[in-house]
Amino acid sequence: NECERFVLLKKLMLLRPDYLDVEAIVSTDNIAFLQQISPATKIIRSIHDFSETPFSLDAMLDSILHPSVSIYKISTQARSIIDALQMMIWVKRNAAKYNIVGHCMGENGVCSRIAGAVMGNYFVYAACDHDHSILPCHLTIDELNQVYHIRKKSTSSHLYALIGDPVDRSLGHVFHNKYFNQHNINALYVKLRLQSNELSDLLVYIKQLDFKGVSVTMPLKRAIVTLLDDELDFNSVNTLKLNKNIITAANTDGIAAINVIEQYLDVYKK
């Protein structure tokens with residue numbers, strides 16, 4: 001109950017921690033009292049929604065603002081990848097004004113935890129290892145450092161993604177992030193499990209999030225063609241390039257196949 005919670009928080013504050021995370025349910029008066037116990041401690045005020053990612057993220061933030069709070073954390077359930085993208089947009093829009101942490105829970109929310117470093121999240125949360133992971137979708141510190149090289153990422157990093165379903169077995173994130181790191185390219189590559197009916201929303205959100213490129217895999221290679229502005233002379237797309245909100249589509253699968261075949265025979269007129 002709240003009495004027991006507050007007794008525990010006071011005991012923790014007496015330890016003079018660098019940070020203390022308190023739930024939004026803790027009253028504003030009690031937060032001010034805790035800050036008096038240890039003025040140097042930075043208080044994180046957290047709010048969670050375990051059912052959905054509401055559109056009213058700004059209202060949620062307004063509800064927890066407090067002069068004694070240093071960092072605001074909002075964590076919501078991602079029912080789809082679109083929820084995670086909306087969270088990322090919210091972080092990018094507010095990170096310059098507040099010290100915030102915004103990410104989504106669940107499998108669809110993993111990308112928001114990784115890309116949060118590029119959006120401006122104050123913290124990136126991770127598990128020490130898989131044996132001590134509280135949630136099944138928590139990434140470990142080693143994964144964030146060794147696969148995504150997350151300590152090198154910032155709001156100046158470029159963002160790339162793979163879209164499709166399924167994407168869980170794809171090694172694209174391993175290959176691309178390793179290449180970026182080896183060649184000192186300031187970029188991050190994440191995977192987005194996306195359905196065909198979410199494509200139109202995705203094309204809007206990747207512009208707002210300033211994605212630089214997208215790899216397209218099944219079952220979206222044909223479905224995305226009708227949503228693009230350009231008239232294409234091919235009916236399947238595997239690559240999108242973004243430049244100042246202009247999306248250019250390509251199919252490098254066809255080029256690669258022809259290049260290989262032409263090592264053995266001429267495909268002209270065949």
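**Notes on the helix packing and the core**

1. Let's start with two helices side by side: I81, A84, M88, V91 and K92 in α4 meet C111, S112, A115 and M119 in α5. Here a contact means heavy atoms within 4.5 Å. Sorted by class, the contact of α4 with α5 has 7 nonpolar, 1 polar and 1 charged residues. In that sorting, Ala, Val, Leu, Ile, Met, Phe, Trp, Tyr, Cys and Pro count as nonpolar, Asp, Glu, Lys and Arg as charged, and the others, Gly among them, as polar.

2. Before going on, remember that this is a predicted model, where local features need pLDDT of at least 70 and side-chain atom pairs count only at pLDDT 80 or more, while totals for chains, interfaces and linings use all residues. Residues are numbered from 1 along each chain as its sequence is written, and side-chain values use heavy atoms, leaving out hydrogens and water.

3. How do α4 and α5 lie against each other? They pack at an angle of about 20 degrees, with axes 10 Å apart. The axes are lines fitted to C-alpha atoms, for helices over the stretch in contact, and angles run from 0 to 180 degrees between N-to-C directions. So α4 is roughly parallel to α5 (angles under 35 degrees count as roughly parallel, over 145 as roughly antiparallel, 65 to 115 as roughly perpendicular and the rest as oblique).

4. Now look at α4's other partner, helix α3 (residues 57–64): this pair packs at about 50 degrees, with axes 11 Å apart. That makes α3 oblique to α4. From α3 come L57, D58 and L61, and from α4 come Q86, M87, W90, R93 and N94. By class, this contact has 4 nonpolar, 2 polar and 2 charged residues.

5. Next, the inside. The largest nonpolar core has 68 residues, and I74, I114, I163, L192, I224 and L240 touch the most other members. A nonpolar core is a set of buried Ala, Val, Leu, Ile, Met, Phe, Trp, Tyr and Cys residues joined through side-chain atoms within 4.5 Å; buried means under 20% relative accessible area, exposed over 50%, partly exposed in between (1.4 Å probe, protein chains only). Helix α4 (residues 81–94) gives the most to this core, with 9 residues.

6. What does L192 touch, leaving aside neighbours within four places in sequence? Its contacts are I81, L85, C111, A161, L162, I163, G164, V167 and L202. There is also a second, separate core of 5 residues, including L162, V167, A187 and Y189.

7. Finally, the whole protein: 44% of its 270 residues count as buried. The protein has 9 helices and 9 strands, where helices (H or I, at least four residues) and strands (E, at least two) are DSSP runs, numbered from the N terminus.
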